Amino acid sequence: MAGSVNKVILIGNVGADPEIRRTQDGRPIANLRIATSESWRDRTSGERREKTEWHNVVVFNEGLCKVIEQYVKKGAKLYIEGALQTRKWQDQTGNDRYTTEVVLQGFNSTLTMLDGRGEGGGERRGGGDFGGSNFGGDQNYDDYGAKPASAGRAAGGGSPSFSRDMDDDIPF
């Protein structure tokens, strides 16, 4: 097989307000930490257990940084797509250190606000939902930070959904 894939998809909660820094030429860089959790019931004790994993996320995309700066706060639930990158740096004593981060830059990055904390509501990128629907306040932004036009109908109006269309009489 020729080629390889470096893609990370996370759905989790932001652990602290994002940090926005600027390069010398004024471009923004956003840093956030996202927590993902899994839970299970312990077989021996029957207790509910939970494990939380923390992910460092760095956003170099200027449009997404603007969205993060304006709308993302501690506790926000996000869906992100990016790539893993490991960088080498030196600590204060001169020792080499390595950090692996989820990086959002270029055209292969996605940020979707899942809890509707942004302004507006019900808009997201178009997709495979045949009849469309209101997605409960999900906010999706493309690589430039723009919200695409609504893919579905507004709550309480618009065309019927795909499942209701299938209730019509079928001639066979």
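**Salt bridges, core and polar contacts**

Modeller: Glutamate 101 counts as buried, at 9% relative accessibility. Keep in mind that this is a predicted model.

Colleague: What does glutamate 101 pair with in a salt bridge?

Modeller: The partner is arginine 87, with an N to O distance of 3.1 Å.

Colleague: How many salt bridges turn up in the whole structure?

Modeller: Nine. One of them joins the side chains of arginine 22 and glutamate 69, at 3.7 Å from N to O. That pair links distant parts of the chain, 47 residues apart. Arginine 22 is in strand 2 (residues 19-22), and glutamate 69 is in helix 1 (residues 62-71).

Colleague: How accessible are arginine 22 and glutamate 69?

Modeller: Arginine 22 has a relative accessible area of 48%, which makes it partly exposed. Glutamate 69 is partly exposed too, at 40%.

Colleague: Which residues are joined into a network by salt bridges that share partners?

Modeller: Asp42, Glu47 and Arg49 form one network. Within it, the side chains of aspartate 42 and arginine 49 meet at 3.6 Å, N to O. Aspartate 42 is buried at 17% relative accessibility. Arginine 49 is partly exposed at 35%.

Colleague: Let's zoom out. What pattern does the protein follow along the sequence?

Modeller: The order is β-β-β-β-α-β-β-β-β-α. That comes from two helices and eight strands. The protein has 172 residues, and 32% of them are buried.

Colleague: What share of the contacts with a separation of 6 or more is between residues 24 or more positions apart?

Modeller: 57% of them.

Colleague: And the accessible surface, what does that come to?

Modeller: About 11400 Å². Carbon and sulfur atoms account for 47% of that surface.

Colleague: Now the core. Which residues touch the most other members of the largest nonpolar core?

Modeller: Val57, Val59, Leu78 and Ile80, out of 21 residues in that core. At least two residues each come from strand 1 (8-14), strand 3, strand 4, helix 1, strand 5, strand 6 and strand 7 (110-113). Helix 1 gives the most, with five residues.

Colleague: Different topic. Where is histidine 55?

Modeller: Histidine 55 is in strand 4. The residue is buried, with a relative accessible area of 18%.

Colleague: Which side chain makes a polar contact with the side chain of histidine 55?

Modeller: Threonine 36, at 2.8 Å. Beyond four places in sequence, histidine 55 touches Leu10, Leu32, Arg33, Ile34 and Thr36.

Colleague: What about asparagine 61, where is that found?

Modeller: Asparagine 61 is in the loop between strand 4 (48-59) and helix 1. The residue is buried, at 9% relative accessible area.

Colleague: What does the side chain of asparagine 61 reach?

Modeller: The backbone nitrogen of glycine 63, at 3.0 Å. A polar atom of the asparagine 61 side chain also lies 3.1 Å from the backbone nitrogen of leucine 64.

Colleague: Last one. How many bridges join strand 2 to strand 3?

Modeller: Four, and the two strands run antiparallel. Strand 3 spans residues 28-41. Glutamate 19 has asparagine 31 in strand 3 as its bridge partner.

Colleague: What is in the turn of that hairpin?

Modeller: Five residues lie between strand 2 and strand 3. Glycine 26 in the turn has a positive phi of about 95°.

Note on methods
Residues numbered from 1 in each chain as written. Predicted model: local features only at pLDDT ≥ 70, side-chain atom pairs only at ≥ 80, totals over all residues. Heavy atoms only, no water. Salt bridge = Lys/Arg side-chain N within 4 Å of Asp/Glu carboxyl O. Buried < 20%, exposed > 50% of the residue type's maximum accessible area, 1.4 Å probe, protein only. Polar contact = N/O pair within 3.5 Å; in protein donor to acceptor, adjacent residues only side chain to side chain. Pairing = 2+ DSSP bridges. Core = buried A, V, L, I, M, F, W, Y, C linked by side-chain atoms within 4.5 Å. Contact = heavy atoms within 4.5 Å. Areas by Shrake-Rupley, 256 points an atom, 1.4 Å probe, with all protein chains shown as cover.
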